[in-house]
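I opened my notebook on this one and went looking for a few things. Have a look at it alongside me before reading on.

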Amino acid sequence: MKTYRVAVLAGDGIGPELVRATIPILRLASHLYGFELIFEEALVGGTAIEATGKALPPETLEICKRSQAIFFGAVGGKQWENLPPEKQPERAALLPLRKTFSLFANIRPVYCYPELLDASPLKPEIASGVDLIIVRELTGGIYFGQPKGKIYTEQGERAIDTLVYETSEIERVSIIAFEIALRRKKILTLVDKANVLESSVLWRKTVKEISKNYPDVQLNFLYVDNAAMQMVLRPSQFDVLLCENLFGDILSDEAAGIAGSLGLLASASIGSTKFGLYEPAGGSAPDIAGKNIANPIAQILSGALMFEYSFHEEAAAQAIKTAVGDVLKEGYRTLDIAKGSSRYCSTEEFADKVAQKLEENFKKQK
Ligand SMILES: NC(=O)c1ccc[n+]([C@@H]2O[C@H](COP(=O)([O-])OP(=O)(O)OC[C@H]3O[C@@H](n4cnc5c(N)ncnc54)[C@H](O)[C@@H]3O)[C@@H](O)[C@H]2O)c1
Ligand SMILES: CC(C)[C@H](C(=O)O)[C@@H](O)C(=O)O
Ligand SMILES: [Mg+2]
């Protein structure tokens, strides 16, 4: 039987409760669709700092290296905000993981479920039909550019971040975005700030060059400020949005808000091999952690993305997506997306419903 090893890094805040609720669904899907998953848990983030003094302990990195994918919860929280920046969970664990494994493309699908139109802050006719993918460059730009840091000058402290992109970094993520667009509505929008930023001028030039290999994909350009506005004005116009690192970070949270909750936004971080890191786009949500109320959909759908991108188990991935949609159709909702007539569910209850539906749908198919 095909076997895949998965490093499970649950992390902080809502990470552990979401991962705990999701693993049985992934296990069940693997049984139903005929493959085996070997999960190996490892410490990461603030939890790892407490236990070992390091946000990304060497043992964790070892476990990741002998796996085919990382299934990640979230890291960070108030307890660790006063540590030196380079020791904090986000900068000492998550960013190094992305960089170490060269996971340069972050794929964030945003879909407004028809059943959830009442959860969107937008009018139903505006949110309806939103089905887009943000492809975010993940290992370059202002997150990683050098020089970076703090120096003391006669005027006081000076903080420096550098926005830098090499042509090759733009090319490789653009190819992934064009390939995704080819399988969809074939509209690719590059989001940039080419009226101000030199790096954006290079993005435009490079993406135009790459587009010559994809004559069937319509290429559009949009300045990021306009893109942020278009996202609330007419979000259904978008198919694939290609963004540099920071723009993609910001626009994806905005897009999740349109769908109704950050708890809906899954993500796949991939590179040029099958290895990937799969995590909700949202964070550790300290405001709701430990209450069994967080929405597990982003975590569950991140599992489906792992099946799709790292294992090429498309049928299992699709079955999970369908099961989530079916549970929503039956009216079940976690608190973040619940409205008057919803059947309110805890994190665990919602995940259990997805597992039941997965099994039920599988039996019906046979
Ligand atoms: N990938 C990651 O590990 C990651 C991503 C983003 C933020 N963070 C970290 O998380 C911490 C908190 O950051 P923040 O509050 O700005 O962002 P956040 O994404 O944790 O939360 C923002 C808002 O969205 C809500 N939310 C997020 N996920 C949800 C879910 N599954 N169900 C229901 N509601 C959900 C939260 O309750 C909160 O109101 C910080 O330390 C931040 O650095 C980590
Ligand atoms: C936690 C943080 C470093 C991270 C990012 O900015 O990439 C998060 O916001 C995300 O969107 O994955
Ligand atoms: Mg973010």
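Below are my entries, in the order in which I looked things up.

**Ground rules.** I am working with a predicted model, where local features need pLDDT of at least 70, side-chain atom pairs count only at pLDDT 80 or more, and totals for chains, interfaces and linings use all residues. Residues are numbered from 1 along each chain as its sequence is written, chains are lettered from A and ligands numbered from 1 in the order in which they are written, and side-chain values use heavy atoms, with hydrogens and water left out.

**Entry 1: the annotated site.** I began with the UniProt record, an unreviewed entry, which puts the feature "binding site" at Asp 225, Asp 249 and Asp 253. UniProt positions follow the numbering used here, feature names are shortened, and annotations may be inferred rather than shown by experiment. From this set, Asp 249 and Asp 253 belong to the lining of the second largest pocket. For the pocket I used a 1 Å grid over the protein atoms alone: a pocket is an open set of points with protein on both sides within 12 Å along at least five of seven lines, a cavity is a set where a 1.4 Å probe fits but cannot get out, and lining residues have an atom within 4 Å of a point.

I found Asp 225 in helix α8 (residues 224-233) and Asp 249 in helix α9 (residues 245-259). Helices (H or I, at least four residues) and strands (E, at least two) are DSSP runs, numbered from the N terminus. Asp 225 counts as partly exposed because its relative accessibility is 45%, and Asp 249 is partly exposed at 25%. Here buried means under 20% relative accessible area, exposed over 50%, and partly exposed in between (1.4 Å probe, protein chains only). Leaving aside neighbours within four places in sequence, Asp 249 is in contact (heavy atoms within 4.5 Å) with Arg 108, Arg 136 and Tyr 143.

**Entry 2: helix α8.** Which residues of α8 are buried? I noted Val 224, Ala 227, Gln 230 and Met 231.

**Entry 3: strand β3.** Six of the six residues in β3 (residues 69-74) are buried. Strand β1 (residues 2-11) runs parallel to β3, joined by five bridges, with Ala 7 opposite Ile 70. Strand β12 (residues 276-280) is also parallel to β3, through three bridges, and Gly 276 stands opposite Ala 69. Pairing takes at least two DSSP bridges between two strands.

**Entry 4: a buried loop residue.** Thr 139 sits in the loop between β5 (131-137) and β6 (145-153). Is it buried or exposed? Thr 139 counts as buried because its relative accessibility is 3%. Not counting residues up to four places away in sequence, Thr 139 touches residues including Arg 98, Phe 104, Glu 169 and Asn 245.

**Entry 5: Met 306.** Met 306 is among the residues that touch the most other members of the largest nonpolar core, which has 98 residues. Beyond four places in sequence, Met 306 touches Val 6, Leu 26, Ala 69, Phe 71, Tyr 278 and Phe 311.

Methods. A nonpolar core is a set of buried Ala, Val, Leu, Ile, Met, Phe, Trp, Tyr and Cys residues joined through side-chain atoms within 4.5 Å.
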